[in-house]
Amino acid sequence: MKKEFIFFGVLILVVVVLSIFGIKSLNGNIVDGVTSESPLKEFAMDSFYDENGVWFSLKEINVNKGDRVRIKVTNIKGKHDFIIDEYGINEITPLNEEVVIEFIADKTGEFVYYCSVPGHREKGQWGTLTVSG
Ligand SMILES: [Cu+2]
């Protein structure tokens, strides 16, 4: 009777320890899978105006299809937003706040990002997002 208790005690301990390690390694694999499938590409830009026009400080963004894209936009002068029509992105960028925009680049091609405040795009506030296949 006593020996049986010890046997089952050890058996339960082994099962518990194995399941804890099993879950840990499983989680590790899942996390690795996500990051290796979708590389993160980070960009940062300011939006502002000066005597020559209205601008995003970054004119070009180049990524590959499948990349996770993170764009940080900081409005440092004026009233602006950040639009990419084809990706359904439409973010207001309040003054002196960093707005983080994130999406998966799942469509290839050249897309224009711009500010939709009247006159701003015409005065230069736009750039090109290129997603290569
Ligand atoms: Cu603007």
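Two residues are taken to be in contact if their C-beta atoms, placed from the backbone, lie within 7 Å. By that criterion, among contacts in the protein chain between residues at least 6 apart in sequence, 64% join residues at least 24 apart. The model is a predicted one, in which local features need pLDDT of at least 70 and side-chain atom pairs count only at pLDDT 80 or more, while totals for chains, interfaces and linings use all residues. Residues are numbered from 1 along each chain as its sequence is written.

A word on confidence comes first. pLDDT, the predictor's confidence in each residue on a scale from 0 to 100, has a mean of 85 over the protein chain, and 73% of the residues reach 70 or more. Residues 22-35 are a stretch to handle with care: pLDDT stays under 50 there, and the model has zero contacts beyond four places in sequence for these residues. Where pLDDT is low, the predicted coordinates should not be read in detail.

Turning to the fold, the protein chain has one helix and nine strands, where helices (H or I, at least four residues) and strands (E, at least two) are DSSP runs numbered from the N terminus. The order of elements from the N terminus is α-β-β-β-β-β-β-β-β-β. Of the 133 residues in the protein chain, 17% are buried; a residue is called buried if 20 or more other C-beta atoms lie within 10 Å of its own, exposed if 12 or fewer, and partly exposed in between, with C-beta atoms placed from the backbone.

Four strands form an open sheet with mixed pairing, in the order β2-β1-β4-β7; two strands pair if DSSP finds at least two bridges between them. β2 (53-56) and β7 (98-104) stand at the edges with a single partner strand each, so one side of each is left without a neighbour in the sheet. Neighbouring strands of this sheet are turned by 20° against each other on average, direction ignored; the axes behind this angle are lines fitted to C-alpha atoms, for helices over the stretch in contact, and angles run from 0 to 180 degrees between N-to-C directions.

Within this sheet, β1 (residues 40-50) and β2 run antiparallel and are joined by four bridges. A hairpin connects the two strands through two residues. Trp-55 itself, part of strand β2, is buried, with 23 other C-beta atoms within 10 Å. Leaving aside neighbours within four places in sequence, Trp-55 is in contact with Ser-47, Phe-48, Tyr-49, Gly-124 and Gln-125. The C-alpha atoms of Trp-55 and His-120 are separated by 7.9 Å, although these residues are 65 residues apart along the chain.

A second hairpin is formed by β5 and β6, with four residues between them. These strands pair in the antiparallel sense over five bridges, and Phe-82 stands opposite Glu-91 in β6. Gly-88, in the turn, has a positive phi of about 65°. Ile-83, found in strand β5, is partly exposed, with 16 other C-beta atoms within 10 Å. Beyond four places in sequence, Ile-83 touches Ile-89, Asn-90, Tyr-113, Tyr-114 and Ser-116. Ile-83 and Cys-115 are 32 residues apart in sequence and 6.1 Å apart in space, C-alpha to C-alpha.

Thr-93 has its place in strand β6 (residues 89-93) and is buried, with 21 other C-beta atoms within 10 Å. Not counting residues up to four places away in sequence, the contacts of Thr-93 include Ser-47, Val-73, Phe-82 and Val-99. In the loop between β6 and β7 lies Asn-96, which counts as exposed with 9 C-beta neighbours inside 10 Å. Most residues other than glycine have a negative phi. The phi of Asn-96, in contrast, is positive and near 60°.

Finally, the largest nonpolar core holds 15 residues; such a core is a set of buried Ala, Val, Leu, Ile, Met, Phe, Trp, Tyr and Cys residues joined through C-beta atoms within 7 Å. Phe-82, Tyr-113, Cys-115 and Leu-129 touch the most other members. The elements giving two or more residues to this core are β2, β4 (68-75), β5 (80-84), β8 (109-114) and β9 (126-132). Leu-129 touches Ile-61, Ile-84, Phe-111 and Tyr-113, again not counting residues up to four places away in sequence.
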